[in-house]
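Please look over the structure below before reading the notes.

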Amino acid sequence: MLHFDDIYKLAANRHGGSDALESKLDKPKPLAELVAMPDDRWLATITKTIFQAGFNWKVIESKWDGFETAFDGFDVGRCAFMDDEKFDALLQDTRIVRNGIKIEAVRDNAAFLLELRHEGGVGQVLGGWPSTDFAGLLEMLGKRGSRLGGASAQYAMRFAGRDSFILSRDVTSRLIAEGVIDKPATSKKAMAAVQRAFNSWMDQSGRSLTEVSRVLAMSL
């Protein structure tokens, strides 16, 4: 496995030097900001990610004001206790993408966030989960959340601003090139290997998980 400095050099050479590369590196929000983030914004971010999956992102973005109105500003209590009348109305609501399975996921994820309120708070649990066990957070989201398996949870956490890796095609290719995995990581064993590699590169660089992930993506 290459030292992070060598991977950084590869990325810098491909993107116009270190200054240009640094300008493209996202940094995660501070924990205090994540903890203070209202629960409805967590639900909105998760929902937008789920609706964007397998769909044209621009369409979801163009309709987003309609989503906010249709789902009552993503008030967690209202969404969690959505009754059949409200659900049926949403299935006919042209302000949103009328996908029954994904609408149901909004209700289920709102109920999930209500559970997290009693486990220390949504922002504390999701934002404060150690970056050195991000794979564990993804596993938890996949088990307890709705439609948060695969890349959806990775993107949701990144869009929320928490420290994260995204196993995009380029990141996966770099991980394969470094001998960390031999194919896209789907098993618990493979995810553990991915986490160990990221932890090593974070230790070597002193950088966040988000920054390491971005550098890996841009190294190809």
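The largest cavity in this predicted model holds about 30 Å³ of space. A search of the whole structure finds one cavity of 30 Å³ or more.

**The cavity**

- Rolling a probe the size of a water molecule over the atoms shows where empty space is left.
- The residues that line the largest cavity are Ala70, Phe71, Asp72, Arg78, Cys79, Met82, Lys86 and Leu90.
- Two elements, helix 7 (76–80) and helix 8 (84–91), each give two or more residues to this lining.
- Sorted by class, the lining has five nonpolar residues, three charged residues and no polar ones.

**Aromatic pairs**

- A pair of aromatic rings is described by the distance of the centres and the angle of the planes.
- The count of aromatic pairs comes to 12.
- One of them joins tryptophan 64 and phenylalanine 74, which are stacked, with 5.4 Å from centre to centre and 10 degrees between the planes.
- Tryptophan 64 belongs to helix 6 (residues 64–70) and phenylalanine 74 to the loop between helix 6 and helix 7, so this pair ties together parts that are 10 residues apart in sequence.
- Tryptophan 64 and phenylalanine 74 are both buried.
- The ring planes of tyrosine 155 and phenylalanine 159 meet at 45 degrees, with the centres 5.8 Å apart, so this pair is tilted.
- Helix 12 (residues 151–160) contains both tyrosine 155 and phenylalanine 159, which are four residues apart, about one turn of the helix.
- Tyrosine 155 counts as partly exposed because its relative accessibility is 27%, and phenylalanine 159 is partly exposed at 39%.
- One aromatic cluster is formed by Phe51, Trp64, Phe67, Phe71 and Phe74.

**Salt bridges**

- Side chains of opposite charge can pair when their charged atoms come close.
- The count of salt bridges comes to 15.
- Arginine 207 and glutamate 22 form one of these salt bridges, at 2.5 Å from N to O.
- That pair links distant parts of the chain, 185 residues apart: arginine 207 is in the loop between helix 14 (188–205) and helix 15 (209–217), and glutamate 22 is in helix 2 (residues 18–23).
- Glutamate 22 has a relative accessibility of 30%, so this residue counts as partly exposed.
- Another salt bridge joins the side chains of arginine 214 and aspartate 26, at 3.8 Å from N to O.
- Arginine 214 is in helix 15 and aspartate 26 is in the loop between helix 2 and helix 3 (31–36), so the pair ties together parts that are 188 residues apart in sequence.
- Arginine 214 is partly exposed at 23% relative accessibility, and aspartate 26 is partly exposed at 40%.
- Arginine 41 and glutamate 68 also meet in a salt bridge, at 2.8 Å from N to O.
- With arginine 41 in helix 4 and glutamate 68 in helix 6, this pair ties together parts that are 27 residues apart in sequence.
- Arginine 41 is partly exposed at 28% relative accessibility, whereas glutamate 68 is buried at 18%.

**Threonine 45**

- Threonine 45 sits in helix 4 (residues 39–52).
- Is threonine 45 buried or exposed? Its relative accessibility is 16%, so threonine 45 counts as buried.
- Leaving out residues up to four places away in sequence, threonine 45 touches Met37, Ala156, Phe159 and Ala160.

How values were computed. Residues are numbered from 1 along each chain as its sequence is written. This is a predicted model: local features need pLDDT of at least 70, side-chain atom pairs count only at pLDDT 80 or more; totals for chains, interfaces and linings use all residues. Side-chain values use heavy atoms; hydrogens and water are left out. Buried means under 20% relative accessible area, exposed over 50%, partly exposed in between (1.4 Å probe, protein chains only). Contact means heavy atoms within 4.5 Å. On a 1 Å grid over the protein atoms alone, a cavity is a set of points where a 1.4 Å probe fits but cannot get out, and a pocket is an open set with protein on both sides within 12 Å along at least five of seven lines; lining residues have an atom within 4 Å of a point. Grid points are joined across faces, edges and corners, and a volume is the space filled by probe spheres set on the points. Ala, Val, Leu, Ile, Met, Phe, Trp, Tyr, Cys and Pro count as nonpolar, Asp, Glu, Lys and Arg as charged, and the others, Gly among them, as polar. Rings of Phe, Tyr and Trp (its six-membered ring) pair if their centres lie within 6.5 Å; planes under 30 degrees apart count as stacked, over 60 as edge-to-face and the rest as tilted. A salt bridge is a side-chain nitrogen of Lys or Arg within 4 Å of a carboxyl oxygen of Asp or Glu.
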